[in-house]
Every structure is written in structure tokens, then in C-alpha cells.
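Here is a short briefing to read alongside the structure. Take a look at the picture first, then follow the notes below.

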Amino acid sequence: MFLSLLYAFLVAAIFHKTTTTTTERSKCAARSFGHDSVVCECNSTYCDTLGTGSLPPLGHYISYLSTMAGSRLEDAQGPVRPNRTGAGLRLTLLPNKKYQKMRGFGGAMTDAAALNILSLSAGAQDQLLKQYFSKEGIGYTVVRVPMASCDFSTRLYTYADTQDDYNLHNFTLAPEDVHMKIPLLQRAQAMAPQPLSLLGSAWSAPAWMKTNGALIGKGSLKGKPGGKEHKSWAQYYIRFLEEYAKYNLTFWAVTTGNEPTAGQITNYSFQALGFTPEEQKDWVALDLGPALHASAFPHTHILLLDDNRLLLPYWAKVVLSDIHAGRYIHGVAVHWYMDGLIPAGPTLGSTHQLYPEYYLFGTEACAGWKPLDRGVKLGSWQRAEQYAHDIIEDLNHYMTGWTDWNLALDLTGGPNWVKNFVDSPVIVDAKRDVFYKQPTFYALAHFSKFLCEGSQRVGMSTSGETNLKFSAFIRPDGVVVLIILNRSSSAIQFEVWDQMVGYIPSTAPPHSVLTLAWYTSGLNMYRNCI
């Protein structure tokens with residue numbers, strides 16, 4: 001009797017907390033710029049928030065809805081029903097069909113992102129960082145950090161530009177690191193409820209190490225793997241990790257280098273370092289792997305590729321079939337560009353089937369990169385749907401996380417020294433001391449806010465054909481999270497059947513992203529989702 005009363009009291013306490021979620025949060029200050037939807041404007045004193053995202057007790061569900069029509073993570077809740085609701089379409093949870101576990105979501109702290117964040121007043125800076133990293137934000141846990149300059153810098157530089165400095169005696173972090181990126185990363189970490197997973201990626205080796213003697217264009221490392229340039233380039237990674245560690249910033253992972261195929265393109269317009277998969281395999285086996293293993297950072301993961309999925313599974317086969325390289329590798333880093341040219345099944349799916357012990361992780365994506373759809377589009381819902389569709393497709397093919405590109409850009413989609421302007425989930429208008437949260441910000445939030453590390457993808461079946469795209473997970477705390485995308489111009493009514501708790505009635509409005517969450521059992525209700 002006592003235990004049942006205690007359980008009832010705890011459930012009532014949780015439900016009381018949950019019913020206050022709409023008062024915890026503040027609403028979107030919507031603004032239209034003539035595209036198909038709106039942005040949410042934020043300043044130093046006001047920004048819409050989701051709150052802590054409290055969940056209802058066992059037997060109830062909560063939904064979060066964003067739409068082209070202007071809804072932004074609007075929450076509603078109701079009881080799970082014991083019987084069918086009469087909806088024509090039924091989605092059935094298959095909890096015994098278990099797939100990959102999630103690692104996290106995030107974005108990149110480029111020089112451009114840091115410049116834009118710091119162009120705001122101190123209060124607006126804090127608001128922006130809170131939107132991504134605080135408990136009331138959207139749950140970012142991953143930050144990709146370029147190792148020296150990339151195209152989203154205002155100048156070309158590396159950390160070792162002294163000619164023939166093979167021992168890296170003059171290795172020095174740049175002012176962009178010391179005065180911009182590092183302080184912002186420290187502030188983000190202080191806001192985050194758990195340690196951030198930092199991911200380092202290098203665009204180019206110093207010019208004196210390269211065959212073309214320049215940071216841009218077609219060029220690779222001089223000599224061969226095992227030689228002095230390759231060993232020096234591996235030590236460059238170690239020195240980077242050492243310097244950041246002095247600021248209490250440690251890295252979960254590094255990649256083998258950003259887009260190695262770019263450095264094989266004649267007259268490539270910005271920083272790149274060419275590798276073939278065979279060269280990458282040998283460099284990891286002979287240089288980077290042993291250097292990292294012998295350093296103070298032996299637990300830092302190495303992710304291969306860091307390029308587009310159309311290179312898979314071939315690239316992974318070349319590198320991972322070699323036991324000397326494979327023993328140092330932990331995962332495969334993938335970019336989203338040209339995803340429309342080749343399906344996820346033959347690339348991501350095949351790679352997982354061949355090498356299930358290596359995880360797949362998305363390391364770069366942005367809208368506005370295509371020549372016919374370029375730059376910033378304030379309020380573009382079409383781009384939000386592109387994000388949600390790609391994330392769902394990736395997660396349904398074994399991706400364990402998804403990293404956006406620049407955390408913040410200006411109204412032109414920069415700065416970018418080569419004018420390679422793109423879009424970002426957050427756009428800064430420094431003159432007005434405001435920033436705009438794009439529809440893509442909310443598309444990402446439908447995943448990042450609710451899928452904590454350790455959430456495991458599970459199966460879903462449908463009672464018939466549907467235009468809905470979806471992916472389902474069970475979190476460590478026993479919460480089911482189901483994300484649904486409706487790209488059609490019609491509302492789609494459906495019900496979800498979880499045989500452990502019952503039926504959930506729902507409707508996906510036209511052009512919407514919907515997240516449903518509920519406890520599938522009471523066993524883990526009081527366990528934190530970390």
C-alpha cells in the first residue's frame with residue numbers, strides 16, 4: 001500500500017511539473033522576410049525557449065510541433081488510449097528491433113561563427129549560446145572545431161607557417177583560437193549540463209609540407225606515409241590537442257582531414273589537403289595512429305573520410321580492410337553534400353553491414369551551398385524540410401549523430417574569405433544586435449533536444465503506404481521518441497501503437513515536423529537521460 005501511494009505521489013509530482021511546460025517557455029517573436037515561413041527574432045533580453053522539455057507520466061504523451069505555417073516546437077499533451085482510435089494509418093513501435101545508439105548533435109565553431117557571435121552585445125551573445133547549449137536550449141553536445149583556417153575564415157593561416165619547422169618548435173595557436181573560439185567554447189561548456197564532445201578537423205597542412213606549396217588548390221603531403229612530412233603532420237594534431245588542453249578543452253575525436261577529395265581537384269579555391277584512401281590508410285597506420293596512441297590523448301577517437309557519402313563504402317573498404325590502420329580508427333565521418341545523388345542504403349547501410357564495429361557520424365551539413373539555391377534565405381521552410389529529411393534518412397541508416405556547419409553566420413552567409421556564402425540555423429544582424437533562428441534551427445531541435453546520448457533506434461512498422469518519414473528511439477530513461485516529417489501539402493492523421501502502453505492519436509499537419517514522446521514503461525522513469 002505504501003509503495004503504491006509513493007508511486008502515485010511521484011507520478012502526480014511529475015505530471016504537475018509537466019503541465020507547467022507552456023508557462024516555462026517563451027514564444028517565438030516571428031518575423032517574415034518574404035520566404036515560405038518565418039524566423040524567430042532574439043535580442044539581449046528576449047528569445048523564445050522550449051524550457052527544460054519535461055515529460056508526462058506513464059500513460060500520457062507529449063507532442064512538439066513545428067510547421068511551415070509558423071508553429072515552433074509548440075507542445076501539447078494527452079492520455080494514451082487503451083483502444084484503437086479509428087485512424088486509417090497505424091505506426092507500430094517494434095522495441096525488440098534494436099539498431100545503433102546515438103552519440104549527439106551539434107554544429108561548428110568556425111572563425112566566422114565566432115566572429116558573428118562576438119559581434120553581438122554580451123547579453124545577446126549569452127542568449128545565442130544558451131539556445132544551443134543550455135538546459136533550456138536544444139541540447140547540442142557536439143562542437144566541430146576547425147584546426148586553423150578554413151574558407152569560413154577571414155584569412156589563410158595554419159599553426160606552423162615557419163618554413164621547414166618539422167619539429168614544430170614554432171607551433172602556435174592563432175588569435176582566432178585564443179581570443180574567439182576558445183573563450184566561446186568555454187562559455188558554451190559552462191552552460192551545458194554535460195561535457196561537450198569536441199571534434200577537430202584540419203583543412204590543410206602548412207604550405208611547406210605540401211606538394212603544391214600552397215594552402216589552396218590541388219596538393220597533398222610531400223613524400224610518403226612514414227616520411228618526415230607525414231610524421232610532422234601527425235604531430236601537428238598532437239600539438240593542437242596539447243594547446244587546447246591548456247584551456248581545459250579536450251577532444252572526443254579528430255578526423256583524418258576535411259574533404260580529402262577536394263585536395264585532388266586542380267585549382268580548388270580554398271584550403272584543402274588531398275589524400276587517396278590508400279594514402280589515408282597508410283598515414284593513419286604509420287603516423288597519426290601511433291602518434292595519438294603514444295601521446296597524452298590515446299582515448300581521442302580517429303574518424304576517417306570526413307567527406308561525402310558517395311565515396312562509401314569504397315573508401316572505408318580500403319582503409320578498414322588494413323588491420324594496421326583499422327585498429328586506430330573508431331568511426332566514419334560523413335558530409336551531406338550530394339546526398340541527393342546516391343541513396344543512403346548502398347552507402348551508409350552497406351558500410352555499416354561491412355564494418356558494424358565502426359560507427360557512422362555526420363560531421364558537416366548546411367543549406368544554401370548549391371549554385372542555384374545559394375546563400376541565406378531567412379525563413380525558408382523548404383530548407384528545414386531538407387534538414388529533417390536528411391537526418392531521418394541518415395539515422396535510419398545507422399548514423400549515430402549529425403553535425404551542422406557554422407553555428408552562426410551574418411546576413412550575407414559569411415564572412416568567408418573566398419565568398420563561399422551559405423546558410424546557417426542562426427543568422428546574426430549585428431547592426432540591430434539581434435539574431436534570427438531559422439526554420440532549420442527548429443528542424444534540428446526536433447532531434448537534438450530529445451535524443452540524448454545512448455538513445456537507441458528501434459523499429460517501426462506501418463499499416464499501409466504513407467508519405468510520412470519517421471524514425472523512432474528509446475532513450476536510456478525509458479522514453480520513446482518518435483520524429484515524423486510530413487513534406488506533403490495535406491494533413492495526415494495516424495495513430496501510434498505501443499503495445500506496452502496503448503494507442504496515441506495524432507495528426508501531422510501539412511509541411512510539418514512532429515516529435516512525440518512518452519514513457520514505454522515505468523522501469524527507468526527516474527533515470528536521467530545522459
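Helix α11 (residues 381–395) lies across β6 and β15, running at about 150° to β15. Contact here means heavy atoms within 4.5 Å, and angles run from 0 to 180 degrees between N-to-C directions of lines fitted to C-alpha atoms, for helices over the stretch in contact. This is a predicted model, in which local features need pLDDT of at least 70, side-chain atom pairs count only at pLDDT 80 or more, and totals for chains, interfaces and linings use all residues. Residues are numbered from 1 along each chain as its sequence is written, and side-chain values use heavy atoms, with hydrogens and water left out.

**Strand β15 and its neighbours**
- Strand β6 (residues 104–108) pairs with β15 in the parallel sense over four bridges, and Ala108 has Asn406 as its bridge partner in β15.
- Strand β12 (residues 359–364) runs parallel to β15, joined by two bridges; Leu360 is partnered with Met399 of β15.
- Strands pair if DSSP finds at least two bridges between them; helices (H or I, at least four residues) and strands (E, at least two) are DSSP runs, numbered from the N terminus.

**The barrel**
- Eight strands close into a barrel with parallel pairing, in the order β6-β7-β8-β9-β10-β11-β12-β15.
- From one strand to the next, the twist averages 30°.
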